[in-house]
Amino acid sequence: MKRLWIIPLLALALLASSCADQRSHAQAVYLLVDTSGTYSQELDKAQRVVSYLLGTLQPGDSFAVARVKSRSFTEKDIIAKVTLGKDPMQVNNQKRAFADKVGSFKAEVKKGSAYTDITGGMIQASEFLNETGAGQKTILIFSDMQEELDYKTVRDFPINLQGIRIIALNVTKLTTDNVDPRRYLGRLEWWEKRARDAGATDWKVVNDLEHLERIFKGRG
C-alpha cells in the first residue's frame with residue numbers, strides 16, 4: 001500500500017519543481033520616470049523606452065512604470081503595472097493597455113514637480129519587485145540623478161536593494177555639470193556606492209538610447 005503513494009508524491013514534487021523553475025526565470029522590471037523640473041521634458045524619450053521594453057518582455061514577466069516627484073514612496077505614483085499572461089492574444093492586449101496608460105500619463109504632465117525623491121521611488125520599486133518573486137529584478141531610473149528633497153522628507157538612512165540590479169538611463173548633464181564635470185561624475189559615483197551598499201547586484205549607466213539592448217544584455 002505504501003508504494004501507491006510514491007507516484008502521486010513524485011508527480012507533486014515534479015510539478016512544484018517545474019513551477020519553481022518557471023518562477024525563477026521570470027523577470028520583473030520597474031521603471032522610475034523623473035517628472036521633476038525641466039527633466040519632465042524628457043518624457044517622449046521615456047515613452048520610447050517603455051515601447052522597447054514591452055517588446056522584449058516575455059509571458060510571466062512583470063513590468064511597472066512609476067513617476068519620481070517630490071515624494072515618491074507611494075503606490076499612487078505607479079502609472080501602470082502588469083504581469084504578462086501565457087496566451088499571446090492576452091499578452092498583446094496587456095501590452096497595448098499598458099502603453100495606452102503611459103501615453104495618457106505623458107499627455108497629462110504639464111509641468112515638473114518641485115523636488116525629486118529618487119530614493120523613495122527606489123524603495124517603492126524594491127517592494128514591488130520582491131512581491132513578484134521573479135528571479136531577475138531590475139530598477140531602471142530615467143533621471144538626471146539629481147535628488148532634491150524638501151526639508152520635511154527624510155531619506156538619509158540605509159535602504160535594501162538586495163538581489164536587484166540598478167540601471168540609470170538618460171542621465172542628462174546639468175548646467176553646473178558642464179561648468180565642472182566632477183559634479184556629474186561624483187553624482188554617479190555616489191549613487192553607485194549607495195546602490196551597492198544596499199545590496200544591488202549591479203549598477204550601470206546607459207545614456208545611448210539607440211542601443212537599449214544593453215540593458216538586458218546577458219539575460220538568462
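Predicted model: local features only at pLDDT ≥ 70, side-chain atom pairs only at ≥ 80, totals over all residues.
Where is the place of M145? I went to that residue and found M145 in the loop between β4 and β5.

**Entry 1**

M145 has a positive phi, about 65°, although it is not a glycine. I keep in mind that most residues other than glycine have a negative phi. Buried or exposed, I asked of M145? M145 counts as buried, because its relative accessibility is 1% and the cut-off for buried is under 20%.

N170 is another non-glycine residue with a positive phi, about 50° in its case. I located N170 in the loop between β5 and α5. At 7% relative accessibility, N170 also counts as buried.

I also checked what follows α6, and there I found G199 with a positive phi near 100°.

**Entry 1: the whole chain**

I stepped back and counted six helices and six strands in the protein chain. Reading from the N terminus, I get the order α-β-α-β-β-α-α-β-β-α-α-β. The protein chain has 220 residues, and 45% of them count as buried. I then looked at contacts with a separation of 6 or more: residues 24 or more positions apart account for 78% of these.

**Entry 2: the sheet**

In what order do the six strands sit in the sheet? I traced β3-β2-β1-β4-β5-β6, an open sheet with mixed pairing. β3 (78-83) and β6 are the edge strands, each pairing on one side only. From one strand to the next, the twist averages 15°.

Six of its seven residues are buried, so β2 is largely enclosed by the rest of the structure. On one side, β2 pairs with β1 in the parallel sense, over seven bridges. With β3, strand β2 (residues 62-68) runs antiparallel, and five bridges join the two.

α3 lies across β2 and β3, and runs at about 175° to β3. α4 packs on the sheet too, touching β1 (27-34), β2, β3, β4 (136-142) and β5. The direction of α4 makes about 160° with that of β1.

Why call D77 buried? Its relative accessible area is 3%, and buried means under 20%. The side chain of D77 makes a polar contact with the side chain of K69, at 3.2 Å. Leaving out residues up to four places away in sequence, I find D77 touching V65, A66, R67, K69, R71 and S72.

Q94 was the other one I looked up, and it lies in helix α3 (residues 88-108). With a relative accessible area of 18%, Q94 is buried, since the cut-off is under 20%. What does the side chain of Q94 reach? I see it reaching the backbone oxygen of T83, at 3.1 Å. Again not counting residues up to four places away in sequence, Q94 touches V82, T83, L84 and G85.

**Entry 3: helix α6**

I checked the length of α6 (residues 181-197). Its 17 residues, at 1.5 Å a residue, should span 24 Å, and the end C-alpha atoms are 24 Å apart, which agrees.

Which residues of α6 are buried? My list is Y184, R187, L188, W191, R194 and A195. They cover an arc of only 125° around the axis, which puts them on the same side of α6.

On the face turned away from the buried side, I noted the exposed residues R182, E189, K193 and D197. Finally, I looked for what covers the buried residues of α6, and found that the cover includes α4 (118-132), β5 (164-169), α5 (175-179) and β6 (202-206).

Conventions
Residues numbered from 1 in each chain as written. Heavy atoms only, no water. Helix = DSSP H or I, 4+ residues; strand = E, 2+ residues; numbered from the N terminus. Buried < 20%, exposed > 50% of the residue type's maximum accessible area, 1.4 Å probe, protein only. Polar contact = N/O pair within 3.5 Å; in protein donor to acceptor, adjacent residues only side chain to side chain. Contact = heavy atoms within 4.5 Å. Expected span 1.5 Å × (residues − 1). Arc of directions from axis to C-beta. Pairing = 2+ DSSP bridges. Axes fitted to C-alpha atoms, helices over the stretch in contact; angles between N-to-C directions.
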